[in-house]
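Subject: Structure handover

Hi,

Here is the structure I promised to pass on. Please open it and keep it beside this email as you read.

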Amino acid sequence: MRRVTLAGPGGSPAISYTEGERYGLPCADQVEVLGPDPVSAILEKLPGWAVAGPPDLGRELLAHGARLMRHAHQMTCDLRTAPPADSAAPEGYRFVSCDRAPEDLLPAIWAAYPPGHVDHRSKDKATALREELVPLLTGEMLGELLPCSVLAVDESDTVAGGVLVNRFGDLAWVTEVFRHPGRTPSGLGARMLAAVRERACATGWDRLGLAVTEGNPARRVYERLGFTLVKTSMTVAIPAVTGT
C-alpha cells in the first residue's frame, strides 16, 4: 500500500500512514512517527479522521480531545508450527463455508457483543449491517472474503457462530470471531478458529493474522492456538473542525 507523508508545522515530515477507512471515517492507518510534534500535524491536517498508530501517540491525541475507538493487539499464527487443537464441530452443529446472506449472520454477531463487552457496537443493527458486515463480506472494506472462513450452523441450519477471514495485503486476516452465547457451547470459538487454521493451511496460506481488543479474554484462547503478539496499536477519532 502507498504511504502518505504528512508535514508538521515547520514543514518537516511528521508522520507517514496508509489511507483507508474505519468506523465510517477516513483513516490514517499504520501511522509511523517521522519527526517532532506529530500531534499538532494530525490535529491541524486530519480533523474528523480516525488515526491508528502507536499507543503512545494515541494517548497524546486523547489528551488533546481525541476519542478512543479501539486499543488492540495484532497477533499472527505460523500455520506450519501451530499447536494441535480440536477442530471438529461439537455435537448438534456443523461447520460450513461462509455462503449465507449477511442478514443470516447478523443475529449471532450482534448477540456476541452485548453492552459491556469491549467490542460492543454502539450503532444500531441496520447501520452495522450496511456499514460493516456487508462491506466485509463483499470484500469492499478490507479485501476478498477467503474460502477458509467458517460458519457454525445448528440443527435448524441457523448460523450460531463464525470466523470470517479476509485478504489483507499478503496475509489471511481474521476479521470476525463470534458465537451466539445463548445458543452455543463454550469452546466453540476455539474449535472454529482451529478449523480455519486447517483450511487456511490447506489452501496455501502459511500465516494467519488477527487483532484482539485490549481487555478481551479471547486473547488467551488465541495464544493457546499459537497466535503471538506482533504489535499493539491504538485507533482514535480526531475532533472535527467546527465553525467559528
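This is a predicted model: local features need pLDDT of at least 70, side-chain atom pairs count only at pLDDT 80 or more; totals for chains, interfaces and linings use all residues.

Eleven strands form an open sheet with mixed pairing. Their order is E1-E2-E3-E4-E11-E5-E10-E9-E8-E7-E6. Strands E1 (3–7) and E6 (93–96) stand at the edges; each has a single partner strand, so one side of each lacks a neighbour in the sheet. On average, neighbouring strands are turned by 30° against each other, direction ignored.

**Strand E9.** Look at residues 171–179 next. This strand is mostly covered, with seven of its nine residues buried. In a regular strand, side chains alternate between the two faces of the sheet.

**E9 and E8.** E8 (residues 159–168) runs antiparallel to E9, and eight bridges join them.

**E9 and E10.** Here the strands run parallel, and three bridges join E9 to E10 (residues 207–213). Alanine 172 has leucine 208 in E10 as its bridge partner. How does the chain cross from E9 to E10? It goes through helix H5 (residues 188–202), and this β-α-β crossover is right-handed.

**E10 and E5.** Seven bridges join E10 to E5 (residues 67–78), and the two run antiparallel. Threonine 76 stands opposite glycine 209 in E10.

**Helix H2.** Residues 55–63 form this helix, which lies across E3, E4, E5 and E11. H2 runs at about 20° to E11.

Best wishes

How values were computed
Residues are numbered from 1 along each chain as its sequence is written. Side-chain values use heavy atoms; hydrogens and water are left out. Buried means under 20% relative accessible area, exposed over 50%, partly exposed in between (1.4 Å probe, protein chains only). Helices (H or I, at least four residues) and strands (E, at least two) are DSSP runs, numbered from the N terminus. Two strands pair if DSSP finds at least two bridges between them. A crossover is right-handed if, with the strands pointing away from the viewer, the path from the first strand over the helix to the second runs clockwise. Axes are lines fitted to C-alpha atoms, for helices over the stretch in contact, and angles run from 0 to 180 degrees between N-to-C directions. Contact means heavy atoms within 4.5 Å.
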